[in-house]
Amino acid sequence: MTEPPTQPTTEPTTDQPVLVLNAGSSSLKYQLVVPESGHVLASGTVERIGEGGGDGGGGPADHAEALQQMQQRLRDDGVDLQAVGLRAVGHRVVHGGPDFSDPVLVDDEVLSRVRDLVPLAPLHNPGAITGIEAAQEAYDVPQVAVFDTAFFSDLPAAAATYALPRDLAREHRLRRYGFHGTSHRYVAGATADLLGRPLADLDQVVLHLGNGCSASAVHGGRAVDTSMGLTPLEGLVMGTRSGDVDPGLHAFLHREAGLSLDEVDELLNKRSGLQGIAGVNDFREVVRRKDAGDDDARLAFDVFVHRLKHYVGAYLAQLGRLDVLVFTAGIGQNSPPVRAAVVEGLGGLGLSVDPERNEARKNEARVISPDGSPVTVAVVPTNEELAIARQAAEVLSRG
Ligand code: ADP
């Protein structure tokens, strides 16, 4: 039997890629990926946006120029966006505020609502907005916004609410939003796949440990608590962010050290965390220095782990039971000493790792607890770009 000739169609075929853009304040990460297969056609990062001039080595002036540089790099790599049949552009937008609980097709109204959220995410949303505008200009395909906060948009009120006057909280949209949601959602699903169990049956604690770090408690695929709050500063100790501090610290530093509130904000976001204690934010270097006998690096490691244990214990109590503790992102996937230290002494709660499994260097989802453990401990690589591409494809298929 002969196949009928292929007709041109406007329906996407399943090998058409989505361009995923993750625009930070001074960088633009991109990945061209086929959502169904996960096949990556190209990826990279354009850096130093807005740092142009002077020394002649500066980066692109703005996100529009960064997008042009990306296109040039794609052409240099032999990728023609017309020829590959680009299906959509998926944008990572950090803050979706109280409104966005799902990915959406970008139109003027969506863009203006994202703009309206800039006061909640002054460091993050402006880059996404200029990235969307530049991509709208450059590509005649649907643009989809995927929000980092979305997975946590229906946190139980008790977990999302700060104990502040209600009218003030309402007026300024103060609540715990949570971030890294795309990763937490993806990893929770991938963990269920790894275990061969329905997501709906699992109680999970997910530890996303990268440059930014966050924890979540996930009951049946739904987030019920998370460590980041109104901003990505709350919670775990991070590369350069303090995570939780006494809220009284701000007033204290203002009074006693003469710092303005903006200076305190900068201090806690950019000069604290591992960087503040150990003098370096790259976790590999912290471990290297610790192993070489550096006391500050040892303390940074211990504080990092102490805070992690604090959240694991808290979420175990919130969930009431735990099926699986999951490690993901740069540190979570690659640091056996952190994983061992977090579960150390928690045997009574059913948590332990098998040393050989924990030490194995594999870039794949795997169980690292001993067979038959009451609680499974797993390492599951995150893939935010693929998750964004899939969500963008899903939005398109909804029409
Ligand atoms: P981002 O949050 O920017 O996406 P990543 O998820 O890539 O960051 O995580 C970056 C962190 O992972 C850095 O602190 C880095 O030192 C750490 N990391 C990467 N590889 C290793 C490794 N082999 N051992 C320990 N830490 C690692």
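Visitor: Where does UniProt place the feature "active site"?

Guide: At Asp-148, according to an unreviewed UniProt entry. Keep in mind that the model here is predicted. Asp-148 sits in the loop between S6 and helix H4 (157-160).

Visitor: Is Asp-148 buried or exposed?

Guide: The cut-off for buried is under 20% relative accessible area. Asp-148 has 1%, so it counts as buried.

Visitor: Which residues does Asp-148 touch?

Guide: Leave out residues up to four places away in sequence. Then Asp-148 touches Arg-92, Val-93, Val-94, Gly-178, Phe-179, His-180, Gly-181, Thr-182 and Glu-384. With Arg-92 there is a polar contact, side chain to side chain, at 2.7 Å.

Visitor: Next, the sheet. What is the order of its strands?

Guide: The general idea first. Strands of a sheet pair through backbone hydrogen bonds, either parallel or antiparallel. Here six strands form an open sheet in the order S3-S2-S1-S4-S6-S5, and the pairing is mixed. S3 and strand S5 (104-105) stand at the edges with a single partner strand each, so one side of each has no neighbour in the sheet.

Visitor: Which strands pair in the parallel sense, and which run antiparallel?

Guide: Strand S1 (residues 18-23) and strand S4 (residues 88-93) are a parallel pair, with four bridges. Leu-19 stands opposite Val-89 in S4. Strand S2 (residues 28-33) and strand S3 (residues 40-46) run antiparallel, joined by six bridges. S2 and S3 make a hairpin with six residues between them, and Gly-38 in the turn has a positive phi of about 80°.

Visitor: Which strands does helix H15 lie across?

Guide: Helix H15 (residues 384-398) lies across S1, S2, S4, S5 and S6, at about 120° to S4. Helix H3 (residues 125-138) also packs on the sheet. H3 touches S1, S4 and strand S6 (143-147), and its direction makes about 170° with that of S4.

Visitor: How many residues has the largest nonpolar core?

Guide: The general idea: in soluble globular proteins, nonpolar side chains tend to be buried together. In this model the largest such core has 45 residues. Leu-207, Leu-209, Phe-304 and Val-338 have the most contacts inside it. Helix H11 (295-319) gives the most to this core, with 11 residues.

Visitor: What is Val-338 in contact with?

Guide: Setting aside neighbours within four places in sequence, Val-338 contacts Leu-209, Phe-283, Phe-301, Phe-304, Leu-308 and Ile-331. Apart from this core lies another, of 20 residues, among them Leu-28, Ala-42, Leu-74 and Leu-81.

Notes: Residues are numbered from 1 along each chain as its sequence is written. This is a predicted model: local features need pLDDT of at least 70, side-chain atom pairs count only at pLDDT 80 or more; totals for chains, interfaces and linings use all residues. Side-chain values use heavy atoms; hydrogens and water are left out. Two strands pair if DSSP finds at least two bridges between them. Helices (H or I, at least four residues) and strands (E, at least two) are DSSP runs, numbered from the N terminus. Contact means heavy atoms within 4.5 Å. Axes are lines fitted to C-alpha atoms, for helices over the stretch in contact, and angles run from 0 to 180 degrees between N-to-C directions. A nonpolar core is a set of buried Ala, Val, Leu, Ile, Met, Phe, Trp, Tyr and Cys residues joined through side-chain atoms within 4.5 Å. Buried means under 20% relative accessible area, exposed over 50%, partly exposed in between (1.4 Å probe, protein chains only). UniProt positions are given in the numbering used here, feature names are shortened, and annotations may be inferred rather than shown by experiment. A polar contact is a pair of N or O atoms within 3.5 Å; within protein, one must be able to donate a hydrogen and the other to accept it, and residues adjacent in sequence count only if both atoms are side-chain atoms.
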